[in-house]
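The entries follow the order in which I looked things up.

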Amino acid sequence: MSQFAFAFDDSDLQQRCRQQLTQLADWVRFGASQMARHEVFHGQGFETAWDESLFLCLRALQLDWDLPAAALATRLLEEERAQLWHLLQQRCDAKVPTAYLLQEAWFCGEPFKVTPDVLIPRSPIAELIETGFEPWLTQAPQRVLDLCTGSGCIGIAAARLFPDAQVDLSDLSEAAVAVAVENVAAKDLGWQVDVYQGDLFESLGDAHYDLIIANPPYVDAEDIDTMPAEFHHEPRLGLASGDDGLDLVRRLLSEAANHLSDDGLLVCEVGNSAGALMEAYPDLPLDWPEFSQGGLGVFIVRAQDLRRHFAQV
Ligand SMILES: C[S@@+](CC[C@H](N)C(=O)[O-])C[C@H]1O[C@@H](n2cnc3c(N)ncnc32)[C@H](O)[C@@H]1O
């Protein structure tokens, strides 16, 4: 916390804020200032304090987050000011991520329910979905798997992209699966999307997929020890994966070929553990897409290359 931070346990400050900050714009500004003063980390779906404060204030008041700027000049009820004070206090003092405070995060242009049982959606795989996995995918897949699904955001976005595909979601965490089930139901996708609970491919029988998308836990031990307080609100099962971050990815790679169709593709995020992965698999042909919207560390590998590689080792 910076030396100029205004403390949320200062009751005089609270009273003055609730009296003097009358308009929505005042609260967005105060929220952004407080986030900066309290050195909150914005890496869970936001880039700046202003963006995060704007989103928090608008969505807490059930307003669309792309409202015209004029809406910010509207005044707030005393109860609404109290609500925003309380949310900002949790964001700045306890470092609770905005997505958990609102139980909402956006991915590929739509909202998802999120709770502390699931990672907050932010994968750069969103950009691959938005660009149809071109040039890697040459025809629409018939079966898609979102492995390590969390909230279900990736698989649900893939179901939107490929409306004729059967999409399966799977996660080890029962609590995460419950959230994914809620998201599938909220979007009326139960006819197209099934949700499974289990360790990697364990619950999926001998199903074969044309496209497997995975954002597994991949944070290495060093990054886990030094990550900002906000990430400690996320489930450790969704982040940590051994010393070099690759414990689960190694298993995933060795098992994926048995669940891919002949021309199938595995798309997998490994973030900062990309270097360790390239070192561990120097002979496996991996493509590393570049992202115009930011992000890194997603590889794409063909089923045939996986089969060839694991037949030899
Ligand atoms: C990085 S989070 C990704 C969540 C979601 N796909 C997203 O992009 O927001 C990783 C997920 O993998 C799940 N997970 C961890 N170990 C697993 C395992 N052995 N088998 C299946 N899922 C696992 C965690 O419960 C968590 O939901």
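I began with burial, for which a residue is buried if 20 or more other C-beta atoms lie within 10 Å of its own. The model I am reading is a predicted one.

Entry 1, helix α7. I looked up how much of helix α7 (residues 153-161) is buried. I found 8 of its 9 residues buried, so α7 is largely enclosed by the rest of the structure. The buried residues are Cys153, Ile154, Gly155, Ile156, Ala157, Ala158, Ala159 and Leu161.

I located Thr131 in the loop between α6 (125-130) and β3 (143-147). Is Thr131 buried or partly exposed? I counted 13 other C-beta atoms within 10 Å of Thr131, so Thr131 is partly exposed. I also looked up its separation from Asp243, 112 residues away along the chain, and the two C-alpha atoms are 34 Å apart.

I looked up how helix α2 (residues 24-37) is set against helix α4 (residues 78-92), and their axes come within 10 Å and cross at roughly 20°. Angles under 35 degrees count as roughly parallel, so α2 is roughly parallel to α4. The crossing of α2 past α4 is right-handed. On the α2 side I listed Trp27, Gly31, Gln34 and Met35, and on the α4 side Leu84, Leu88, Arg91 and Cys92. By class, this contact of α2 with α4 holds 5 nonpolar residues, 2 polar and 1 charged.

I then turned to helix α1 (residues 11-20), which packs on α4 at an angle of about 135°, the axes being 9 Å apart. I therefore recorded α1 and α4 as oblique to each other. Here, too, I noted a right-handed crossing, of α1 past α4. Which residues of α1 and α4 meet? I found Gln14, Cys17 and Arg18 of α1 meeting Glu78, Arg81, Ala82 and Trp85 of α4. The contact of α1 with α4 divides into 3 nonpolar residues, 1 polar and 3 charged.

Notes
Residues numbered from 1 in each chain as written. Predicted model: local features only at pLDDT ≥ 70, side-chain atom pairs only at ≥ 80, totals over all residues. Helix = DSSP H or I, 4+ residues; strand = E, 2+ residues; numbered from the N terminus. Buried ≥ 20, exposed ≤ 12 C-beta atoms within 10 Å, placed from the backbone. Axes fitted to C-alpha atoms, helices over the stretch in contact; angles between N-to-C directions. Parallel < 35°, antiparallel > 145°, perpendicular 65-115°, else oblique. Left-handed = near helix turned anticlockwise from the far one by under 90°. Contact = placed C-beta atoms within 7 Å. Nonpolar A, V, L, I, M, F, W, Y, C, P; charged D, E, K, R; others polar.
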